[in-house]
Amino acid sequence: MYQERIRTIVAKSVKLSKDINDIQDSDDLYSVGLTSLTTVNLMLSLEDEFDIEFDDNRLSRQTFESIAALNDAVEELSA
Amino acid sequence: MEAHALRTFAQIKATVHELGQSIVAAHADDVDQQARFPHEAFAALRSERLLSSYVPSSFGGDGLSLTEVSELCRILGHYCSSTAMIYAMHQIQVACIVHHGQDSVYFSRYLRQMCEQQLLLASATTEMGVGGDLRSSICHVEVADDQFTLTKQAPVISYALHSDAILVTCRGHKDAPASDQVQVLVETQKTKLTPLTGWDTLGFRGTCSAGFTLEAQGHKDQILPTPFSVVLAHTMHPVSHLTWGSLWTGMAQGATNKARLAVRDMMRRSDELPQVTALRLAELDEVLFSMKGGLAGAMQAYQAMLDDNNLFQAEKYGFAIQVNNVKTRCSEMVVDVVGKALQIVGIGGYRNDGKYSLCRELRDAHGAALMVNNDRIRGHNATMQVVVKES
């Protein structure tokens with residue numbers, strides 16, 4: 001369960017249109033300001049924070065679309 | 001609904017070649033000189049029911065695959081770049097509806113209507129003030145009592161005045177962030193288009209890509225149910241670059257064919273193989289070969305996703321980079337190929353009235369890298385290159 005640490009990173013790497021605390025785990029991050037370009041910053045920050053590496057197969061919109069999806073990815077990659 | 005005999009892809013291709021050699025080629029110079037819409041070409045394409053080639057047969061279309069539709073774009077590219085580009089742009093919008101609108105009662109009915117009436121679709125994506133970024137909108141669709149209103153300052157709506165409908169991107173509601181976009185189908189006849197900019201360019205003059213303030217209204221069902229971010233990643237982005245890459249390859253093929261005819265003429269005159277020009281022709285074909293190869297690889301990858309009904313694969317950065325490479329490489333190689341063809345043909349290619357004139361082709365070729373600027377696309381690729389492990 002990495003949601004809180006992920007939230008801190010999302011708030012730092014993405015120019016969000018609303019407060020991170022008003023975003024639910026399942027909310028679509030792309031509709032609150034995440035873009036394909038800021039996804040890169042987000043990914044690099046997550047790799048550093050959790051000492052993981054996103055494989056190419058995971059590099060797509062779905063992986064980054066919500067806090068919940070990011071949590072799944074981080075859990076699987078750090079397992 | 002009127003029944004239409006099924007036709008094979010080979011028959012369709014033959015028809016497009018026939019139209020290309022006759023009507024499309026015959027008016028290409030006038031379309032270019034007058035910077036006007038290729039009316040004759042589209043009247044012919046309509047009468048041969050070629051505007052619905054990508055629509056599934058259950059709706060009344062030919063149900064061709066994207067690979068096949070792209071081949072039609074390539075064929076048209078031999079004869080008139082503007083006609084081929086308009087045909088490709090229309091197919092991109094059709095693909096957005098075919099892939100993302102079939103679950104909607106309105107859009108499935110519209111698909112049938114498109115086939116019956118051979119409707120031509122245009123697109124309004126970019127907007128004044130967003131700097132060419134497709135993924136940002138300032139304008140929004142306002143819905144009240146099942147009806148919507150929408151106003152957009154669009155710096156480019158290709159062939160707007162000649163279209164039957166325009167797919168317009170905008171924010172989904174008045175409080176939505178710039179990236180929370182939808183596509184709305186507006187009927188051109190019911191839309192007020194006030195000119196903003198004209199279209200007097202070096203090439204692709206027939207696409208009539210002028211700018212307009214668009215004011216539209218209609219029923220809320222005309223809003224495509226899938227978010228634009230998904231439509232773009234799954235369909236518009238790959239289909240655009242693959243159909244454009246195809247028509248540019250067709251332009252390059254057309255120029256190469258002219259160069260070959262010129263070399264043959266030289267040989268007939270002297271009875272000997274003209275050493276230098278023949279060698280240049282061989283080199284030229286190598287460039288064309290790489291162009292075709294890069295395009296075919298990306299086309300195969302996307303067609304496989306379509307065949308597996310798994311467009312989520314198109315979201316992968318590796319694939320997005322590959323499709324962007326089709327755009328940047330093919331658009332630059334077409335300039336290279338036409339330029340090399342001109343060297344082979346010589347002064348006859350440089351003359352507007354030459355038998356193998358390449359003037360129009362050369363001017364058109366330069367547009368490919370500029371319309372949706374390659375540097376912008378390379379910028380996206382640069383970012384994605386940082387995160388992928390292997391391309």
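User: Two strands pair if DSSP finds at least two bridges between them; with that criterion, in which order do the 3 strands of the open sheet in chain B lie?
Analyst: In this predicted model, the edge strands of the sheet are β1 (121–124) and β5 (181–187) of chain B, each pairing on one side only. The pairing in this open sheet is mixed, and the twist averages 25 degrees from one strand to the next. The order of the 3 strands in chain B is β1-β4-β5.

User: Which residue of β5(B) stands opposite B:Arg171?
Analyst: Strand β4 of chain B covers residues 165–171 and is joined to β5(B) by 7 bridges, the two strands running antiparallel. Opposite B:Arg171, the residue in β5(B) is B:Gln181.

User: At about what angle to β1(B) does helix α4 of chain B run?
Analyst: Helix α4, residues 81–100 of chain B, lies across β1, β4 and β5 of that chain. Relative to β1(B), the helix runs at about 85 degrees.

User: How far apart are the end C-alpha atoms of helix α8 of chain B?
Analyst: Helix α8 of chain B comprises 29 residues, 317–345, and is followed by B:Gly346, whose phi is positive, near 85 degrees.

User: What is the radius of gyration of chain B?
Analyst: Chain B contains 11 helices and 7 strands. For its 391 residues the globule rule gives 21 Å, and the value for the chain is close to this, so chain B is as compact as a globular protein of that length. The radius of gyration of chain B is 21 Å.

Conventions. Residues are numbered from 1 along each chain as its sequence is written. Chains are lettered from A and ligands numbered from 1 in the order in which they are written. This is a predicted model: local features need pLDDT of at least 70, side-chain atom pairs count only at pLDDT 80 or more; totals for chains, interfaces and linings use all residues. Helices (H or I, at least four residues) and strands (E, at least two) are DSSP runs, numbered from the N terminus. The expected span of a helix is 1.5 Å times one less than its number of residues. The radius of gyration is taken over C-alpha atoms; the globule rule is 2.2 Å times the number of residues to the power 0.38. Two strands pair if DSSP finds at least two bridges between them. Axes are lines fitted to C-alpha atoms, for helices over the stretch in contact, and angles run from 0 to 180 degrees between N-to-C directions. Two residues are in contact if their C-beta atoms, placed from the backbone, lie within 7 Å.
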